[in-house]
Amino acid sequence: MSLPGIGRLQRRFRGTARLFTRRAVILLYHRVALSSPDPQLLCVTPAHFGEHLEVLRKYRHPIALRSLLPALQNGQRPSRAVVVTFDDGYADNLHHAKPLLERYDVPATVFVTSGYVGSEKEFWYDDLERLLLQPGILPETLRLNLNGRLHQWQLSSAVHYDKDSYRSYAGWNISQKDNPTPRQELYRSLFQTLLPLADEQRRKLVDDLLIAAGVETSGRPTHRVLSPEEMIQLTDGALVEVGSHTVSHTVLSTLPTAAQAEEISQSKARLEEILGHRVTSFAYPHGGRSHYTEETVTAVRQAGFQCACAAFPGIIGRATDRWQLPRFLVRDWDGQEFAHRLSQWFRS
Ligand SMILES: [Zn+2]
């Protein structure tokens, strides 16, 4: 990778190093893959991920999540420390990310959704992308029965989505304000409708939609989660560790307390059964402050974890709560943009 201007960045880091030596940052990735469309902005290309790791290795101090905790406890964070984490447990974390992590000797934690391990199912939001943002024909009307209330979408001009539209709008994502075609509008609407639902109910609704549209209910190999064997391979060599991300990736704050505790402890038990060793870290699905509650935090502590990651941005400092560790979401930036953002985060 050639990084024009890296000398300037180096000087900037040196100049500010004294001010920010006792701060640390946790990065949040999802996938290392070339995938399009990517409406949730989950993918970082392998080329860009390699550039990120080169920046971390040259200008920062990459450490494992488990090393950050003792440092948090005794108030001695390593200088310029950066922790790499991945959420969800996609198989590309083994096949694309791990070789690069090894090349740059950067440790990482992968938070795995245990209910999907070894499954052919895609996450429901990936299914929505497959259903709505790939070329194809949908029924005239989509109906969803939610707790006795019928939700209905008349698709009219959204019935057909041809290859030209697919190519034209492959770069669309949910953070954009506009909906270039009715398909994107429908994606947004269904995403909001399905997000707060219980897993079983949502799974059935998504499967019904896939069947109604004549789309396979088993998922694409490119979008699957690690198998048990792959999870063992991922942790082989101890550079990458596995943490828990619940069983079903449901928004925990929508569940009764007992069901939250089950999602948390059953996921830990399943991952430990596969790996044969303790799983000590946890990440809240979706991870915003509204996606978990005080009861969730208590359940995580009681399940025997040592820390938990959220998904709101923030710097790790002396007062950081180890049960709600902030993380910065990383997007598909090139090395220069990544270095610039990282520099900003350390100053925040
Ligand atoms: Zn997640």
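What follows is a short talk about some helices in this predicted model.

Author: Local features here need pLDDT of at least 70, side-chain atom pairs count only at pLDDT 80 or more, and totals for chains, interfaces and linings use all residues. Residues are numbered from 1 along each chain as its sequence is written, and side-chain values use heavy atoms, with hydrogens and water left out.

Reader: What makes helix 5 and helix 8 roughly parallel?

Author: Their axes, which are lines fitted to C-alpha atoms over the stretch in contact, with angles from 0 to 180 degrees between N-to-C directions, cross at roughly 15°. Angles under 35 degrees count as roughly parallel, over 145 as roughly antiparallel, 65 to 115 as roughly perpendicular and the rest as oblique, so helix 5 and helix 8 are roughly parallel. In this contact (heavy atoms within 4.5 Å), W124, D127, R130 and L131 of helix 5 meet R202, R203, V206, L209 and L210 of helix 8.

Reader: Where does helix 4 kink?

Author: A kink of about 40° lies at K98, shortly before P99; this bend is the angle between axes fitted to the seven residues ending there and the seven starting there.

Reader: Which residues of helix 4 are buried?

Author: Among them are L94, A97, K98 and L101, where buried means under 20% relative accessible area, exposed over 50% and partly exposed in between (1.4 Å probe, protein chains only).

How values were computed
Helices (H or I, at least four residues) and strands (E, at least two) are DSSP runs, numbered from the N terminus.
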